[in-house]
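Student: I'd like to go through this one and check the labels against the numbers. Can we take it label by label?

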Amino acid sequence: MIAGSEMAVVDANAAALGVPRKQLMESSGNATARVARTLVDEGDSITIVAGRGNNGGDAFVAARFLEGFDVDVLLLGRAETIGTEIARENWAALEPADCRREEIRDSSGVDLGDPDLIVDAMLGTGVTGSLREPEATAAAAINDSDATVLSVDVPSGFNAESGTYPDDAVQADHVVTFHETKPGLPDLDVPVTVADIGIPEAASEFVERGDLLRLSRDPDSHKGDHGEVLVIGGGPYVGAPALAGQAALRAGADLVRVACPTAVAHEVQGYSEDLIVRPVEGREFEPGHVGQVMEFAAEHDTLVIGPGLGDSESTLEAAEAILTAFTGTAVVDADALELVPDIETEATLICTPHQGELAKMGGPSAEDWRERRDAVEEFAAELGHTLLVKGNRDIVSDGDRTRVNRTGNPGMTVGGTGDILAGTTGALAARQEPIHAAGLAAYVAGRAGDIVAEQHGDGLIASDLLEATPAAMQYDE
Ligand SMILES: NC(=O)C1=CN([C@@H]2O[C@H](COP(=O)(O)OP(=O)(O)OC[C@H]3O[C@@H](n4cnc5c(N)ncnc54)[C@H](O)[C@@H]3O)[C@@H](O)[C@H]2O)[C@@H](O)CC1
Ligand SMILES: [K+]
């Protein structure tokens, strides 16, 4: 089962891996024609009702594979307004095919004739809201017709995100859907054919460019909507919390505060005027600070705890108390990691260990990345938290879903890149599920490192990644 928005991610990942969408459309159209053939007899007539998106594009391809039948293609709208290049190319490719094509200008022009089969390709996963014209009139005409109705991907008007099926949507007799079934389709009382369209497994396993589509912002948002992050760190170290905080800002958080001991507060502030520093009295965190930190924490969407904390007994005791009492989402890094296996908490934790830290947590080790992937998944399930295990291939798992990231380069073994990753994860966790926040953070930090390495090679330093982070978050086709 895959929701429409997730399908868009997987499809863009397939393109990033070398299987372009036009190829997928060819497979979808072919699969549609194969199912259509099982629903008609020799010489039957078929009317294809196509919209201007890629759902329509699938049906233009299907028409090519249905030569020999009596096929009419009705396009709802003018050909110039077809929304994507690949759908337009497949419309043009109908020219030499043996079928009639017609552009329907408005709802008064909707005339389906009296076909044996209607292929409903008006709207697929791109539908928003209730049907507009001329789709609404066409859907009513399809529902009035005696023809068998084959819907492409989903019945037009059906919402592939929520599985809701409005009354005015097309009432399908059969659905051919692609790659995996969509939410709600199994509940329809009609046969659903799930067609393999050649999307490689890797498109869902690896975090790729398409995952960046998850980051698209709502244009109506306000300050604070994209996350307020509290970094809890510093004491024996100064740079680490500053790097994590700045990374959270570069990754899109609206406000980032750093809780750190007064001994380093001025220095942390000195690294960046964009950070808000919330000092606690002393040289390092200790149990007496917990109440104050919990008050700060309550005002934030996510915590990042660990960068530069050190591992003194009283600091770890404080960190343990904070993690135990917290009920929100926290990214746990560095010395705080070893606390996690023994902590009982309602908090949602995203742990970002490298393989040495994972071993200290009692986690598995394996040379082969596939073995490591499986072992990390098992360990995440055991912990009940999300793991982002850093390495040549980063493994991200919530115990149920597991992803692998391949961005990054050997120059990134330099100190501080872990703080950048933790801060980036904290920012993304304010608006994404933990598994996606962790996967995207690994991808983005690695890509930022790859951008910087082009200039600095192995001489890259962690702070270089800050400026490259926004570019690393950009989705480009
Ligand atoms: N994502 C994928 O992996 C693949 C997608 N394919 C096909 O592409 C489809 C998705 O294509 P698109 O994203 O272009 O979306 P659609 O083809 O579903 O619809 C997009 C068009 O519908 C219009 N529209 C949206 N809501 C409307 C409403 N309520 N009333 C009237 N018009 C409305 C939009 O303005 C836009 O022009 C899938 O359902 C599937 O059929 C396949 O080609 C193969 C692979
Ligand atoms: K459809």
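Student: Why is D120 called buried?
Tutor: This is a predicted model, so we count on its coordinates. Buried asks for 20 or more other C-beta atoms within 10 Å, and D120 has 33, so the label holds. D120 belongs to strand β4 (residues 117-121).

Student: Which residues is D120 in contact with, leaving aside its neighbours within four places in sequence?
Tutor: Among them are V49, I142, V149, L150, S151 and V152. P155, S156, V170 and A172 are on the list too.

Student: What makes N55 count as buried?
Tutor: Same test: the cut-off is 20 or more, and N55 has 25 C-beta neighbours inside 10 Å, so it counts as buried. N55 is in helix α3. Beyond four places in sequence, its contacts include A121, M122, L123, G124 and G126, along with V152 and D153.

Student: How do you know that N55, D120 and S156 belong together?
Tutor: An unreviewed UniProt entry puts them under the annotation "binding site". They are spread over 102 residues of sequence, yet they cluster in space, with a largest C-alpha distance of 9.3 Å.

Student: And ligand 1: which residues come nearest to it?
Tutor: There are 31 residues around ligand 1, and D11, G53, N54, G124 and G126 come nearest. Two or more residues of that shell come from each of α1 (4-16), α2 (21-39) and α3 (54-65). Of the elements, α3 gives the most, with 5 residues.

Student: How do the residues of that shell divide into nonpolar, polar and charged?
Tutor: You get 15 polar, 10 nonpolar and 6 charged residues around ligand 1.

Student: Why is A381 called partly exposed?
Tutor: Exposed means 12 or fewer and buried means 20 or more. A381 has 15 other C-beta atoms within 10 Å, which falls in between, so it is partly exposed. A381 is part of helix α12 (residues 369-383). D400 is 19 residues from A381 in sequence and 7.0 Å from it in space, C-alpha to C-alpha.

Student: How do you know that the buried residues of α9 are on the same side?
Tutor: In helix α9 (residues 290-298), the buried ones are V290, V293 and A297. They cover an arc of only 65° around the axis, so they share a side of α9. The general rule: an α-helix has 3.6 residues a turn, so residues three or four places apart point the same way. On the other side of α9 sit the exposed G291, E295 and A298.

Student: What covers the buried residues of α9?
Tutor: The cover includes strands β9 (228-232), β10 (255-261), β11 (276-280) and β12 (302-305), plus helix α10 (313-325).

Student: Last one: into which domains is the protein chain divided?
Tutor: Domain 1 (4-200) and domain 2 (219-472), with their C-alpha centres 45 Å apart. The unreviewed UniProt entry also places a feature, "domain: YjeF N-terminal", at residues 7-205. That span is 32% helix and 19% strand, and its end C-alpha atoms lie 13 Å apart.

Notes: Residues numbered from 1 in each chain as written. Chains lettered and ligands numbered in written order. Predicted model: local features only at pLDDT ≥ 70, side-chain atom pairs only at ≥ 80, totals over all residues. Near = placed C-beta within 6 Å. Helix = DSSP H or I, 4+ residues; strand = E, 2+ residues; numbered from the N terminus. Nonpolar A, V, L, I, M, F, W, Y, C, P; charged D, E, K, R; others polar. Domains from an automatic or database assignment. UniProt positions renumbered as here; feature names shortened; annotations may be inferred. Arc of directions from axis to C-beta. Contact = placed C-beta atoms within 7 Å.
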